[in-house]
Amino acid sequence: MEAGEEPLLLAELKPGRPHQFDWKSSCETWSVAFSPDGSWFAWSQGHCIVKLIPWPLEEQFIPKGFEAKSRSSKNDTKGRGSPKEKTLDCGQIVWGLAFSPWPSPPSRKLWARHHPQVPDVSCLILATGLNDGQIKIWEVQTGLLLLNLSGHQDVVRDLSFTPSGSLILVSASRDKTLRIWDLNKHGKQIQVLSGHLQWVYCCSISPDCSMLCSAAGEKSVFLWSMRSYTLIRKLEGHQSSVVSCDFSPDSALLVTASYDTNVIMWDPYTGERLRSLHHTQLNPPMDDSDVHVSSLRSVCFSPEGLYLATVADDRLLRIWALELKTPIAFAPMTNGLCCTFFPHGGVIATGTRDGHVQFWTAPRVLSSLKHLCRKALRSFLTTYQVLALPIPKKMKEFLTYRTF
């Protein structure tokens, strides 16, 4: 889509007939993820099942009526050739998903040593966070279970790998802690981060691997050092529980989404609040029955860092341009829970409470030379380092995202 056009629904995946599990099972899609190289899509479709789907979807142009049922799981193979859809039965409700960066050479020796049957290829890994506090680590190409990480005492709500490829995994749990795991050391737990007083909903590692943001059912957001695993600062500004957070691709911005219907954009280095994006309803109700109808569920940055996507309880997917205070596009979606951009742009995936996944067109934009320069510089310069440069004030304002 061009900037300013409404997102179009490209495809929708629906679970097949629900399995007869016990009453604790649920059908929500709490998490969706693309592999960093864009070759796989992971979908927690409810009923303890994760689907691993090769991307792009088989048909190049998929009609709206497309359902996952039409893709037979009998195609699953462990042979070579084109990758096939995998079904991972996690045995527990799946809440969090995260792919490792691609490729991850150090892991090859680790898996080969423990799993001689695994072919000697760069190993793409999927981590799944489960209802019982376990984290299961899967090898994507084969669908093999590689590791089971134990330590959390409650639901593992979110997972995040360090983008550097070091196979450090961060998990966020309802037990109010974050845990750091080293998959190169057989999944050894190397740190427990305590301090939250409520369930931890979300964790996000900055692309430069220096910071970790965590959002719990609290008004403040915690920013941790990924080098010392200590708390850097708390970001105060929301009026209700913060449920989602994401860093910009250059690590210079942090966005947080809250039940208070606002997204706040922060400078993570200084802790400054740069701007707020308010989710007003398109058609406000006549009475006060839906006070929390615009409660936010999820926020994420586009891969080039010029757009945001948000999912709220008012049945809308919104797309925001970084420089504007109002959304540039809306799409109607019911019961949305999560959203993520395709790593090469052009598509947004959303997950819903009824176990569906929808794929939407996202703005395709050619980044300006100015933005590309800013992104390149900010990938290795902190705000303080930019402010110390002997350059004009206006350039500093642009480089620190203070021009809006």
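Which residue forms a salt bridge with glutamate 272, and how far apart are the closest N and O atoms? The close-up views below begin with that pair, and every one of them is taken from a predicted model.

**Figure 1. Glutamate 272 pairs with arginine 402 in a salt bridge.** The closest N and O atoms of these two residues are 2.8 Å apart. This pair links distant parts of the chain, 130 residues apart: glutamate 272 sits in the loop between S20 and strand S21 (273–278), and arginine 402 in the segment after helix H4 (393–399). Glutamate 272 is partly exposed, with a relative accessible area of 39%. Arginine 402 is also partly exposed, at 25%. Look for Asp267 too, as salt bridges link Asp267, Glu272 and Arg402 in a network. Side chains of opposite charge can pair when their charged atoms come close.

**Figure 2. Glutamate 85 and lysine 51 form a salt bridge.** Here the closest N and O atoms are 3.2 Å apart. Glutamate 85 belongs to the loop between S4 and S5, while lysine 51 belongs to strand S4, so the pair ties together parts that are 34 residues apart in sequence. Glutamate 85 counts as buried at 6% relative accessibility, and lysine 51 is buried at 12%. How many salt bridges does the structure have by this rule? The count comes to eight. Another of them joins aspartate 175 to arginine 179, with 3.8 Å between the closest N and O atoms; aspartate 175 and arginine 179 are both buried.

**Figure 3. Two tryptophan rings are stacked.** The structure holds 10 aromatic pairs. In the pair shown, the ring centres of tryptophan 30 and tryptophan 95 are 4.7 Å apart and the planes meet at 20°, under the 30 degrees needed to count as stacked. Tryptophan 30 lies in the loop between strand S1 (9–13) and strand S2 (32–34), and tryptophan 95 in strand S6 (residues 94–99), so the pair ties together parts that are 65 residues apart in sequence. Both tryptophan 30 and tryptophan 95 are buried.

**Figure 4. Tryptophan 55 and phenylalanine 342 make a tilted pair.** Their ring centres are 5.8 Å apart, with the planes at 40°. Tryptophan 55 is in the loop between S4 and S5, and phenylalanine 342 is in the loop between strand S26 (336–341) and strand S27 (347–352), so this pair ties together parts that are 287 residues apart in sequence. Tryptophan 55 is buried at 15% relative accessibility, and phenylalanine 342 is buried at 11%. Ring pairs join Phe34, Phe41, Trp55, Phe342 and Phe359 into a cluster. Tryptophan 55 has one more feature to find: a cis peptide bond joins it to proline 56, with omega about 5°.

**Figure 5. Serine 251 and threonine 261 have positive phi values.** Most residues other than glycine have a negative phi. What is the phi of serine 251? The value is about 70°, and serine 251 is in the loop between strand S18 (242–247) and strand S19 (254–258). Threonine 261 has a phi near 75° and lies in the loop between S19 and strand S20 (262–266). Serine 251 is buried, with a relative accessible area of 1%, and threonine 261 is buried at 11%.

**Figure 6. The charged end of arginine 374 sits over the ring of phenylalanine 398.** The charged end is 4.0 Å from the ring centre. The UniProt annotation "domain: SOCS box", from an unreviewed entry, covers residues 368–404. That span is 59% helix and 0% strand, and its end C-alpha atoms lie 16 Å apart.

Methods. Residues numbered from 1 in each chain as written. Predicted model: local features only at pLDDT ≥ 70, side-chain atom pairs only at ≥ 80, totals over all residues. Heavy atoms only, no water. Helix = DSSP H or I, 4+ residues; strand = E, 2+ residues; numbered from the N terminus. Buried < 20%, exposed > 50% of the residue type's maximum accessible area, 1.4 Å probe, protein only. Salt bridge = Lys/Arg side-chain N within 4 Å of Asp/Glu carboxyl O. UniProt positions renumbered as here; feature names shortened; annotations may be inferred. Phe/Tyr/Trp six-rings, centres within 6.5 Å; stacked < 30°, edge-to-face > 60°. Lys NZ or Arg CZ within 6 Å of the ring centre and 35° of its normal.
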